[in-house]
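Visitor: I am new to this model and would like a close look at one part of it, with the rest described from there.

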Amino acid sequence: MPILNAIVHRIEKNGDAPARLVPAEAPLPQADSLDALLEGLNRAYHGKSKAWGHFPDATESAEGAEEGSKRTSPLPGELADYLAEGRDFTSLTRGIAERLTALLDTHLSVSGDMIVLETRFGDGHFLTLALLHHREGFAVDEYLAVVPARQLNLAQMSLAARIDLTQWRTGDSRQYLSWIRDRGGKALAEGFAALLGAVEGVDATGETRTLLRAFSDYVEKEDLPEEASREKTDALINYASDQASRGEPITLEELSEVLDDQQPRAFFEHIRNADYGLSPEIPPDRKALSQFRRFAGRAGGVSISFDSHLLGSSVEYDENADRLIIKQVPKQLKEQLKGKN
């Protein structure tokens, strides 16, 4: 069973009254239902757009102190104390719940349950916390009667975070901490990052878009046929989406192998030679991926293909006139056209 510890602390918020914490006295006993909840929680978490980062190092902590940063958090110290067996799981999570209660009292007017799970998958050791709300549902009791039932709403995950404790302790990464910011606006998002003590180290959206731009450049440079271009686009999207669904980063070398098993380092070398500034591992951004597809078509001796995200900017389609307008003509094509004049 991957769950080492699990606990739920309830935060109650009614109208204008201050938020109130109802803390658990002890971790939950092991149960099959917890394993099922973990699976659903992971699926919901991986489907969200997230920020990625780390706890501040000494330099970042000093800079934050000089700027009056609000990101000084006791969480890294509490985690270190817990891992050294200086405090128990209930004490660790109650401290987090108390600070989350204060944050919600300022920014949200809803109740919720904060669930914290300590898990181990293979060599990985993780701490996951999520604020979940309830929805009204139905169940069938032992008398076969339909009865109302309150259910945890995994889709309505207001705030959640995951810490890869293994990567944090080994110091091999600066993106071992991820968190979602789904409700409440900028102030709540910043407050949650401050509660975690998180420093954003990787712009997942920006890195994913840069990767897709690098791929578009690669396809153009190689002058691939339409079918080959479409196959490689599908391979990239499928690989990146699979990594996102597992909560794993895109690895550039692995992606390069997926795109071309005959020349497994071709795309990787293209990225390095063009110096796109990409990290070796990129947290995939689902929204950026979903917007990336290639339009392609051939008719009457004309062959056209372009990335879907260019539609509306570099490429315009006038449906009424059945006309495609290309604003930025590729340099190689432009030179050919000039040579015909």
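Visitor: Please start with strand S1. How many bridges join S1 to strand S2, and do the two run parallel or antiparallel?

Guide: 3 bridges join S1 to strand S2 (residues 20–22), and the two run antiparallel. This is a predicted model, in which local features need pLDDT of at least 70 and side-chain atom pairs count only at pLDDT 80 or more, while totals for chains, interfaces and linings use all residues. Residues are numbered from 1 along each chain as its sequence is written, and side-chain values use heavy atoms, with hydrogens and water left out.

Strands here are DSSP runs of E with at least two residues, and helices are runs of H or I with at least four, numbered from the N terminus. Two strands pair if DSSP finds at least two bridges between them.

His134, which is placed in strand S5 (residues 124–140), is in contact (heavy atoms within 4.5 Å) with Arg10, Asp113, Arg150, Gln151, Leu152 and Asn153, leaving aside its neighbours within four places in sequence. Asn153 is 19 residues from His134 along the chain, and their C-alpha atoms are separated by 5.2 Å. His134 is partly exposed, with a relative accessible area of 24%; on this scale, buried means under 20%, exposed over 50% and partly exposed in between, using a 1.4 Å probe and protein chains only. Glu200, in strand S8 (residues 199–202), is also partly exposed, at 40%. The C-alpha atoms of Glu200 and Ala51 lie 6.7 Å apart, although 149 residues separate the two in sequence.

For the setting of these strands, the protein has 12 helices and 14 strands. Of its 341 residues, 42% are buried. Among contacts with a separation of 6 or more, 63% are between residues 24 or more positions apart.

Next come the nonpolar cores, each a set of buried Ala, Val, Leu, Ile, Met, Phe, Trp, Tyr and Cys residues joined through side-chain atoms within 4.5 Å. The largest has 38 residues, and those with the most contacts inside it are Phe55, Leu79, Leu100, Ile163, Trp179, Phe192 and Leu196. Helix H4 (residues 89–107) gives the largest share of this core, 7 residues. Apart from this core lies another, of 22 residues, including Leu211, Phe215, Phe268 and Ile271. Leu196 touches, beyond its neighbours within four places in sequence, Phe55, Ser73, Leu75, Pro76, Leu129, Ala161 and Trp179.

Leu75 and Pro76 belong to helix H3 (residues 75–83), where Leu75, Pro76, Glu78, Leu79, Tyr82 and Leu83 are buried. Seen down the axis of H3, these buried residues fall within an arc of 160 degrees, so they line one face of the helix; the arc is taken from the directions from the helix axis to the C-beta atoms. Just after H3, Glu85 has a positive phi of about 65 degrees.

Rings of Phe, Tyr and Trp (its six-membered ring) pair if their centres lie within 6.5 Å, and planes under 30 degrees apart count as stacked, over 60 as edge-to-face and the rest as tilted. The whole structure holds 6 such pairs. The rings of Tyr82 and Phe89 have centres 5.9 Å apart and planes at 55 degrees, so this pair is tilted. Both Tyr82 and Phe89 are buried. Elsewhere, ring pairs link Phe55, Trp168 and Tyr176 into a cluster.

Ser256 has a relative accessible area of 1%. Leaving aside neighbours within four places in sequence, Ser256 is in contact with Pro264, Arg265, Ala266, Phe267 and Phe268. Phe268 is one of the residues of the 22-residue core.
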